[in-house]
Amino acid sequence: MSISGKADPVVRPITAADIAEALSQGLRDFQAMPLYGLAFGAFYAAGGIAILLCLTAFGMVYLVYPLAAGFAMIGPFVAIGLYEVSRRREAVQPVSFGAIWATIRTRSEIGWMAFVTLFVFVVWMYQVRLLIALLLGLNASFSSLHDFITVVLTTNEGLLFLAIGNAVGAALSLILFSLTVVSFPLLLDRDVDFVTAMITSVRAVVTSPLPMIGWAALIVVLLAVSAMPYFLGLVVTLPVLGHTTWHLYRRIIAPVPG
């Protein structure tokens, strides 16, 4: 029983075959309604470019790498509109940006999940700055991304920074993935509180650890590669992954008994 007094959603185990089929369905959704996918993907990419330009303007271009690595963390929040597109297409309901926004606006618990997502992203960026101060110098500054990469790859302190930073990033990513992989679609689909949604999401990962961790790894790799060409690859990658997440959610969470 959830904290709201309602029955907890039923979590079903999945396999790699379920992920492959969900990916196929996600691709079909994108092909059927590319306008919405490209719009949300462009919004995501534009956010990355805007942050990149800000870092460049403030002389902090060396934070581009951790930004690109951590940007995947807020993907589940940005992709919520894509979940709604897939949900409406599945239910044979009309799809429009107005209808998508109207649905999201009525799901107040989504705001709390968005806060959790953005909070973890901020923690990630702050810990990167802390590690730079501790390992590379309190007043460390680099004139270019090339100088930063040179220091990181050719000094003992830089290699230690890279190892610890990636380990912390992997841990934060796994935690956030576990909290959000099912919670955002669940909050969109049903009237549940965000705590129940997060607990259900973690239960989904614990129930099928290998397939779910494999899915998480695939997401990170695809988003990281897509972010390399100035985040432009995210215009296509995000919508496919977003639609896929909805179909994976449908395979993980059993329907409400009729």
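1. The axes used here are lines fitted to C-alpha atoms, for helices over the stretch in contact, and the angles run from 0 to 180 degrees between N-to-C directions. The model is predicted. On that basis, H5 and H6 pack at an angle of about 110 degrees, and their axes are 10 Å apart. Angles of 65 to 115 degrees count as roughly perpendicular, and H5 and H6 are therefore roughly perpendicular to each other.

2. On the H5 side, the contact with H6 is made by Ile80, Gly81, Glu84, Val85, Arg87 and Arg88. H6 contributes Ala99, Ile100, Thr103 and Ile104. Sorted by class, this contact has five nonpolar, two polar and three charged residues.

3. H5 also packs on H13, at an angle of about 55 degrees and with the axes 8 Å apart. That angle makes H5 oblique to H13. The crossing of these two helices is right-handed.

4. Which residues make the contact between H5 and H13? From H5 they are Leu82, Tyr83, Val85, Ser86, Arg87 and Glu90. From H13 they are Leu238, Pro239, Gly242, His243, Thr245, Trp246, His247 and Arg250. Six residues of the contact of H5 with H13 are nonpolar, five are polar and three are charged. Val85 and Arg87 of H5 take part in the contact with H6 and also in the contact with H13.

5. The largest pocket has a volume of about 970 Å³. It is lined by 41 residues, of which Ala68, Ala69, Ala72, Val220 and Ala224 are the closest to its centre. Helices H3 (64–70), H4 (75–78), H9 (156–180), H12 (209–227) and H13 (234–252) each give two or more residues to the lining. By class, the lining of the largest pocket has 32 nonpolar and nine polar residues, and no charged ones.

6. The second largest pocket has a volume of about 250 Å³. Phe40, Phe43, Phe77, Val78, Ile80, Gly81, Trp101, Ile104 and Ile110 line it. Two or more residues of this lining come from each of H2 (34–57), H4, H5 (80–90) and H6 (97–106). Eight of the lining residues are nonpolar, one is polar and none is charged. Among them are Ile80, Gly81 and Ile104, which also belong to the contact of H5 with H6.

7. How many cavities of 30 Å³ or more does a search of the whole structure find? It finds one. The largest cavity has a volume of about 70 Å³. Its lining consists of Tyr65, Pro66, Trp124, Gln127, Val128, Leu131, Phe161, Leu162, Gly165 and Asn166. H3, H7 (109–136) and H9 each supply at least two residues of that lining. The lining of the largest cavity has seven nonpolar and three polar residues, with no charged residue.

8. H3 and H9 each give two or more residues to the lining of the largest pocket, and each supplies at least two residues of the lining of the largest cavity.

Notes. Residues numbered from 1 in each chain as written. Predicted model: local features only at pLDDT ≥ 70, side-chain atom pairs only at ≥ 80, totals over all residues. Heavy atoms only, no water. 1 Å grid on protein atoms, 1.4 Å probe; cavity = no way out; pocket = protein on both sides within 12 Å on 5 of 7 lines; lining within 4 Å. Points joined across faces, edges and corners; volume = space filled by probe spheres on them. Helix = DSSP H or I, 4+ residues; strand = E, 2+ residues; numbered from the N terminus. Nonpolar A, V, L, I, M, F, W, Y, C, P; charged D, E, K, R; others polar. Parallel < 35°, antiparallel > 145°, perpendicular 65-115°, else oblique. Left-handed = near helix turned anticlockwise from the far one by under 90°. Contact = heavy atoms within 4.5 Å.
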